[in-house]
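Hello,

Here is the structure I promised to pass on. Have a look at it first, and my notes follow below.

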Amino acid sequence: EVLLFPAMRPESNKPNTTEEESKENDAPSDNTALVYREGHLVSGTLDALIQHIVPTIDYYPDRAYLFAFLLSSRLFIKPHELLGRVIALCDVQQKLTDKTPHGKERLTRFIPRLVQLLAEWSETFPYDFRDERVMAHVRGITHRCVSVESGVRHEVSSLLQNLLHRLTTLEQYEEFLKRVNENATTSNVECLSTTDITELCPTPNHIAQQLTHIELERLSFIGPEEFVQAFAKENPHLETSFKDMKRTRNLENYVQWFNRLSYLVATEVVKHVKKKQRVKVVEFWIEAARECFNIGNFNSLMAIIAGLNMSPISRLKKTWNKIQSGKFSILEHQMDPSSNFSSYRSTLKAAMWRSAGATDERQRIVIPFFSLLVKDLYFLNEGCTNKLPNGHINFEKFWQLAKQVTEFITWKQVTCPFGKVNKTIMFLQSSPVLTENALALASFECEPPENHEKERCKSLRYV
């Protein structure tokens with residue numbers, strides 16, 4: 001059963017209407033209606049959905065709806081335009097300039113709700129406020145709110161301070177990434193750090209814990225809207241400009257971190273000419289991967305497996321012959337891509353179940369294999385249309401999207417419970433790693449090319 005409801009909500013101070021007028025007002029139209037199925041919002045026009053987030057004296061949007069709409073709305077309208085529309089609706093419906101006693105009484109009740117809406121928006125999607133056009137709206141409306149109702153001054157001040165802190169922290173993080181990425185790769189083995197990973201980290205458990213620090217820090221900076229913006233980048237037909245709204249690269253930086261860790265693993269193996277030392281390093285990384293699995297750090301786990309499976313490492317037969325392959329095979333099975341990563345998905349569900357009931361911070365950690373998470377969200381986006389044949393926005397789809405992104409937000413908010421060792425973290429993030437060709441050459445230095453590899457080796461030496 002599908003029920004249609006008008007998007008406009010009656011105000012408590014609205015004049016009484018006749019029964020005929022009431023029926024006319026409640027009659028849904030394609031432009032103003034929200035469509036519900038079994039009490040669940042499934043679709044509506046953009047105008048109706050925007051109206052549904054606008055607070056009144058008697059109404060404040062459900063937080064789940066507010067998140068789902070703010071997350072997905074950027075596919076149809078830019079954040080600064082949306083905020084402008086919301087403020088304009090508040091102005092028209094609440095008469096923010098009304099200075100009569102009745103008007104002041106009404107605004108005293110309404111303005112805290114408007115400030116709350118701004119606070120929740122800026123808390124959940126702070127990167128929207130990097131846009132000067134958004135901030136112009138914020139400065140204008142908060143000034144008006146305080147001038148009409150001075151009682152919200154503290155809330156407005158807190159809102160702006162929290163926002164400034166979040167954006168300042170983001171800028172510092174971006175500067176840090178810029179520094180650590182400056183000398184990220186090298187084609188010269190002699191430029192590599194002389195520090196051996198097995199000497200720097202006393203145990204595989206130690207490195208797994210420090211990798212978890214890095215993962216959780218990098219996860220924490222990814223804004224939920226960055227997933228939707230990634231879809232916008234892929235789809236040239238969207239009604240909003242990707243470049244205009246894209247203000248962060250935390251998602252891309254996190255994917256790059258995965259690649260870097262894989263290359264670091266491979267680099268740390270091939271930089272040793274002696275087979276005995278290579279065996280020690282490979283075994284160390286296998287144990288580190290197992291510790292990552294136990295912690296719930298599946299992104300580092302997969303990056304280590306990917307590094308050890310890179311052809312410059314997997315071809316080192318004399319090295320692998322000295323290694324007990326059973327432990328590595330078990331890890332590979334857990335992350336086997338067959339049947340759409342069914343083994344990993346089962347393990348992830350178990351980790352989520354453990355996290356949900358955890359009393360110990362260590363059991364709360366869930367760091368998903370990030371590339372697969374992005375892929376799942378991408379296919380969810382591609383598999384369902386954004387708009388229905390009648391022009392309504394398909395909100396059923398955006399409930400699903402919001403549900404998955406909400407899970408991600410829960411995971412990224414976990415505080416790392418392990419002691420932090422800055423020396424190890426700096427090494428993992430900033431020590432140079434070999435390029436793909438340099439890795440191949442170094443591998444041939446470790447173990448000479450076989451017949452089918454000789455041409456490849458020869459061509460690399462002349463690059």
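**Strands, rings and a cavity**

Gly44 stands opposite Ile393 in strand S5. This is a predicted model, in which local features need pLDDT of at least 70 and side-chain atom pairs count only at pLDDT 80 or more, while totals for chains, interfaces and linings use all residues. Residues are numbered from 1 along each chain as its sequence is written, and side-chain values use heavy atoms, with hydrogens and water left out.

Back to the strands, which are DSSP runs of E with at least two residues, just as helices are runs of H or I with at least four, numbered from the N terminus. Strand S3 (residues 40–44) pairs with S5 (residues 393–394) in the antiparallel sense over two bridges; pairing requires that DSSP finds at least two bridges between the strands. S3 also runs antiparallel to S2 (residues 33–37), and four bridges join them. There, Tyr36 has Leu41 of S3 as its bridge partner. Two residues sit between the strands in the S2 and S3 hairpin, where Glu38 takes a positive phi near 50 degrees. Four of the five residues of S3 are buried, so the strand is largely enclosed by the rest of the structure. Buried means under 20% relative accessible area, exposed over 50% and partly exposed in between, with a 1.4 Å probe and protein chains only.

Now the rings. The whole structure holds 21 aromatic pairs (rings of Phe, Tyr and Trp, the last by its six-membered ring, with centres within 6.5 Å; planes under 30 degrees apart are stacked, over 60 edge-to-face and the rest tilted). One of them is the tilted pair of Trp320 and Phe328, at 5.5 Å centre to centre and 35 degrees between the planes. Trp320 is buried at 17% relative accessible area, and Phe328 is buried at 6%. Phe370 and Phe408 also make a tilted pair, at 6.3 Å and 50 degrees. Phe370 lies in helix H19 (residues 370–383) and Phe408 in helix H20 (residues 395–412), so this pair ties together parts that are 38 residues apart in sequence. Phe370 is buried at 2% relative accessibility, and Phe408 at 1%. Ring pairs also link Tyr65, Phe69, Phe76, Phe395, Phe398 and Trp399 into a cluster.

Finally, which residues line the second largest cavity? They are Leu96, Ile111, Ile141, Arg144, Cys145 and Val148. Helix H6 (residues 132–148) gives the most to this lining, with four residues.

Best wishes

Technical notes:
1 Å grid on protein atoms, 1.4 Å probe; cavity = no way out; pocket = protein on both sides within 12 Å on 5 of 7 lines; lining within 4 Å.
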